[in-house]
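Visitor: I have a model open and a few things to ask about it. Can we go through them one at a time?
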Amino acid sequence: MPQLEVRDVTVRYKKRVGIQNASLQAERGEIIGFIGADGTGKSSLMHAIAGVIRFEGEIVYDGVAYHSPKEAERIKAEIGLMPQGIGLVLYDDLTVGEHLQFFADIRDVKQDEAFYAYRDKLLHMAGLSEFTDRLAGNLSGGMMQKLSLICTLLHRPKLLILDEPTTGVDPLSRLELWEILDNIRKEEGTIALVSTAYMQEAARMDKVLLFDDSKIIAKGKLEELVHEIEPYVYEKSPCEECLTIHGKSFSLKPLDAPHTTPSLEDIFFVNALKSQKLPPKIEIGARSDGTELPEIVMEAKGLTKRFGSFVADDHIDMQLRRGEILGLLGANGAGKTTFIKMLLGLYPIDEGELTLLGRPIRSGKDRQKLKAKIGYVSQHFALYKELTVRENLLYFANMHHIPPTEAIRRIGRYAEELGFAEYMDDFPSSLPLGVNQRFSVAAALLHEPVVLFLDEPTSGVDAIARAQFWEMLRLLKQKWGISILITTHYMSEAEYCDRVVLLKRGKKIADDTVENLYKSHPDAKSFEEIFLSYYRENA
Amino acid sequence: MKTRTVRAFALKEFVDLYRSRMIVMVYLLPVMILVLFGYGIRMEVTHARVMIIDNDHSKFSKELVAKFEHSKYYNPSVVQIPEKEALRSIKQAKTDALIIIPSSFEKRLLHGQKSEIGVFVDGSFPTRATTIEGYIQGTILDAASEVSARMGMKPKGMITLNQRTLFNQAMRDEDAVVPGLIGLILLVAPAILSALLIVKEKEKGTIFNFYASPLSKAEFLAAKLIPVFALHSLNIFLLFLLAVYLFDVPFRGSFMLYWLSSELYILISLSIGLLVSVITRRQVVAVVLTVIITVIPGFLYSGILMPISSMQGESYIEAHLFPVMYYNHILYDTFLIGQGLASEKIVLYLGILVVFFLFYFAAGTLWLKKEMR
Amino acid sequence: MRPFLITFGKELLIFLRSVMLVLVVLYSFTVDVYVAGQGVEMKPRNVTVGYVDKTGGGISQKILSRLHMPEFKPPKAFLSQKALSEAIFNKEIRVGLVFDRDFAVDYRKGRPAQLDVLLDATVASQSLITLIYLKNIVLDFTDLAMPLQIKTHKLFNQNADTHQFMALSELLSVITLLVVILAAVVFVKEKEDGTWDIMLLMPVSPKVTILAKSLSQVFIVMIGTVIAVGWVLMGAFDVPINGSFWAFVLLTFFYSFSSAGIGLFVAAVSKDVMQVAQLSIIIMMPLIFLSGAWTPIYAMHPILQKLSLLSPLRYYIEGTQSIFFRGTDFVDLWPYFGGVIVLGALLYLYGFRKIGRLF
């Protein structure tokens, strides 16, 4: 009999189903991965197993069966739950040390020498030993997640449920989190259920469950799953009823093209094909007038921003050239957003010089004439939630003084090209993130800017929508010849940029083209590894 | 219940309240309300701006004017302007009342002829107008009876009121308003704080620490409510000191009764907050809802604006459904009257307050669920 | 002009989309004003009277017969002064009258007759007015030797009807509260959602956006005000408009506009809706206190009198009462207009600087 058995669990909310008829089994010491896009039921299932939400079906842990949160009380001492969201279970006004004390107290952990030894070990593993006096509100995202994890581990749970513990965490911290996890399950025989948005992490799991449409659609070892899709993956070739993404084509029908090795993310693309949810094809038409850009679109010299004694950006030099996609990479809190906000004038520049489109920027007045040439998409897609997609776009068009007939024409065109025409009369909050993301870019493109600033446009968006998004950027660069500055914390996305700048704690630690970086790191199999080596060097 | 766990959790709440500076609001708001309203609500009228047009210039009229000049109730100005212009001054809200003494006023009176003093009062603030009107009539009659007595005229009938106001001899507004305000504050503030402490965890997500741990509902509630109870218990003393030393409200009853009934009242208030936190998810909603269900009845049924005995129909019944009325009865007794437990009514009201607490607390506890919704 | 109208329209659309908000605003302007006007009574009503009569009737009964509904409940007789005091202590009786034996004799003989009044003064406001009522009644029984008469006119509100006054006061509070909070929320919501950054980057002057946004909320409140005045004040309470209705509309417009400036200020310094709530309370309470709504400004401490110049509500309350009740001429209203306009302008200048510009 397995240690944990979940039978036919269904979670219903008022208006929708969270997860339907999910079953799974786990043995001691196993790490089970929950993989799938947002809103596919991973969190619902985790909440049901943790006994914090009502569900139908049965869960048996260590011989104890439960059918409701009330019955689950009996095993709560064994469970550790880390819900989704950075620092969600932390109190901003408590220090790291106080958190550990608090979590030990509410779990009624006996505080003897063994406890302190274990506590220190966890602190050390998380690299937080020196920060016990720091307020949680002042920690970086990665540190917050590590603190949440060790707080969850403090009472030595035998069933660990971690909901996206690594999202938004820098690559090095992510690596450390996995090391902690690996150690614990070996030492304590803990079962860990982990959901993740990073496919690379799936490789470290004993078993993965794929989620789609509130159901578990596949389970097994990762290699098996990748192996299963091999027949559907081809090198890039023209085809019908198929999907071409990132230089590969996916088709259920045999294609007249050589096969190629599938990657982990390809599982999603094949799955989309199977469930006949073909994403719309992205196109970009010609713009109404030509693009005239100076050779150097943006030049920053020694740009610095301080918040009190904290230096968010420390003397950063950067150039954005004509017709280039420049990736600005770094962990949460590395200073990416602050930098973009300085470029846009949303934050005052404390030190340094900025030239935009050949014009030196000294005050807000210098920016007035440039406004029509710049497009900006902010983090979390700033849209009016009470207005429909169409109304949002019409509003932005009006504010840009675009004549009404022309505005309606352009909006219609983008809706078709970027594939959100069917959603025009919906409210943004009811739409998938991927759609919101494309339509906020459409809003930023309405006035046909010559330079585009994108702040984390892909975070929280599922793999297919991300792939389409990059296809769109590629076409924009190709057809319009505009320059794009984009920030992201998905290191794998660096591959699609022409050049990348890597920030760490407000300092620039790398700035080069993608090819050059690969050349200087011949051993690296992926971009993730290149960045890891930079992060380690500069630790 | 594991006391160690509860103590640790409650301690965390204190630290959180202190570091998030919420603690300032816990004490600032009650003090601010008491001071502003205590100084602010004035039913008594002093320094009313009275304009007097003396068309007579006789000894009698001058004596009358002097009467006005020597009273703290008026701030008179004697002018020689046409009536129309004086009335315009009222329209401009520069004058509250206008008194016109007719010409040959003294002469006519001495000859036993009728003479009429015209008084015009700005009625746009009705209660203030009624008060000023009463003052002016009293002052004029006073002067008249003095003059007539001196001249040996014999009145045919005269009644003087010998008022003995009980409990609040000087009829000070402070004595009447401040205890009622304490009843309002101790109803609103603990409710808001306790609702916030729970809803804040819901909104931020830290409520998972409770959902996912073996912590029982009773322990969680104790940890959340003890700090609120402790912090506001201090307010009982703070408000008492302000009332007695800043506003000079007399305290004639038993302090023990004041203290214990106030603690009981705080318990009722935080149970209301608990109920609010059960049904809301966002802090803003929790605050607004708590304010709506506590401030309005707290004001209406506090007895500050009108005594319960003057209410009619639904409002009379409604007043009995809120705890304010009972607590305020005890409050006014301890401050101004001092009957204490000797009065059966007070014992009954204490009992009713206990029932209120048990009812609200039980409802809140039963509704609070240890699971997501 | 186009961006202004578009933004203005967009804000109205957003407002109408939130059914809850529309209902709350409508409720505030109708039911709330009505309840306040109907419910709170400052005049004595149902005052319980007890008396001890040792005169054997006559003048004492004549006086008692003047205490009638709705102000007074039928007086209740007590045998001794002790029993009467006890009833007052238990709050069963609020006013006690003691006619002792000498009373009737003195009165008949033309000597000042003394009537003892016991008054429960825990509710000072009503006690005070009750006392004045009593004085007026007793006055009618007083016959001075000299034929002096006092003729009082209560201008603008002959019957001292408190319903009209309370309804109008409540309307003014509703206007103040709603315009500050609505304006603060429309700005802080854009800050929270991140749309404000996008607005700043539009090729439209942020000043235009700020004005359009606040004027849209002013417009909502103005509509509510017209509904409240037409339907509740005039319909239910027959409040007169002795002055010019348009002067009121204009003053309300300028006042709402400068109050929206307070909202803008609150939004500029707060991070989220929670802070808006806290800050609004802390700012609004002193503003209302200093406005003279409760204490006439001339009766305040001299320093407070100076400070009250900073409360736009001060000008608005005085101005509105002047228009409705006093029927003040338009030209005499200039101080009120001046006050709200100057304060509003200052607040907007701050708002423009704080959130309305790029660096």
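Visitor: Is B:Thr206 buried or exposed?

Guide: This is a predicted model. In it, B:Thr206 has a relative accessibility of 1%, and the cut-off for buried is under 20%, so B:Thr206 counts as buried.

Visitor: Where is B:Thr206 in chain B?

Guide: B:Thr206 sits in the loop between helix 7 (173-204) and helix 8 (208-211) of chain B.

Visitor: And what is B:Thr206 in contact with, leaving aside neighbours within four places in sequence?

Guide: A:Leu88, A:Val89, A:Leu90 and A:Tyr91 from chain A, plus B:Glu201 from chain B.

Visitor: Chain C next. At what angle do the axes of helix 7 and helix 9 of chain C cross?

Guide: Roughly 155 degrees, and the axes of helix 7 (residues 162-193) and helix 9 (residues 206-236) of chain C come within 10 Å. An angle over 145 degrees counts as roughly antiparallel, and helix 7 and helix 9 of chain C are therefore roughly antiparallel to each other. The crossing of helix 7 of chain C past helix 9 of chain C is right-handed.

Visitor: How many nonpolar, polar and charged residues are in that contact of helix 7 with helix 9 of chain C?

Guide: The contact of helix 7 with helix 9 of chain C has 17 nonpolar, three polar and two charged residues. Among them are C:Leu171, C:Ile175 and C:Glu190 in helix 7 of chain C, and C:Lys213, C:Val221 and C:Leu233 in helix 9 of chain C.

Visitor: How far apart are the axes of helix 7 and helix 10 of chain C?

Guide: The axes are 7 Å apart, and helix 7 and helix 10 of chain C pack at an angle of about 40 degrees. That makes helix 7 of chain C oblique to helix 10 of chain C. Helix 7 of chain C passes helix 10 of chain C in a right-handed crossing. By class, this contact of helix 7 with helix 10 of chain C has 14 nonpolar, five polar and one charged residues.

Visitor: What does C:Ser259 touch, not counting residues up to four places away in sequence?

Guide: C:Val179 and C:Val180. C:Ser259 belongs to helix 10 (residues 245-269) of chain C, and C:Ser259 is buried, with a relative accessible area of 1%.

Visitor: Which residues of helix 1 of chain C are buried?

Guide: They include C:Phe4, C:Phe8, C:Leu12 and C:Phe15, and also C:Lys10 and C:Glu11. Helix 1 (residues 2-17) of chain C has 16 residues and reaches 22 Å from its first C-alpha to its last, close to the 22 Å expected.

Visitor: Over to chain A. Where does A:Ile191 lie?

Guide: A:Ile191 lies in strand 8 (residues 191-196) of chain A. A:Ile191 counts as buried, at 0% relative accessibility. Leaving out residues up to four places away in sequence, A:Ile191 touches A:Leu160 and others, including A:Tyr61, A:Glu27 and A:Arg28.

Visitor: Last topic, backbone angles. What is phi for A:Asp108?

Guide: A:Asp108 has a positive phi of about 55 degrees although it is not a glycine. A:Asp108 is in the loop between helix 3 (96-106) and helix 4 (113-125) of chain A, and A:Asp108 counts as partly exposed at 32% relative accessibility.

Visitor: And phi of B:His57?

Guide: Phi of B:His57 is near 55 degrees, a positive value in a residue other than glycine. B:His57 is found in the loop between strand 1 (50-54) and helix 3 (59-69) of chain B. At 48% relative accessibility, B:His57 counts as partly exposed.

How values were computed. Residues are numbered from 1 along each chain as its sequence is written. Chains are lettered from A and ligands numbered from 1 in the order in which they are written. This is a predicted model: local features need pLDDT of at least 70, side-chain atom pairs count only at pLDDT 80 or more; totals for chains, interfaces and linings use all residues. Side-chain values use heavy atoms; hydrogens and water are left out. Axes are lines fitted to C-alpha atoms, for helices over the stretch in contact, and angles run from 0 to 180 degrees between N-to-C directions. Helices (H or I, at least four residues) and strands (E, at least two) are DSSP runs, numbered from the N terminus. Angles under 35 degrees count as roughly parallel, over 145 as roughly antiparallel, 65 to 115 as roughly perpendicular and the rest as oblique. A crossing is left-handed if the near helix is turned anticlockwise from the far one by less than a right angle, and right-handed if clockwise. Contact means heavy atoms within 4.5 Å. Ala, Val, Leu, Ile, Met, Phe, Trp, Tyr, Cys and Pro count as nonpolar, Asp, Glu, Lys and Arg as charged, and the others, Gly among them, as polar. Buried means under 20% relative accessible area, exposed over 50%, partly exposed in between (1.4 Å probe, protein chains only). The expected span of a helix is 1.5 Å times one less than its number of residues.
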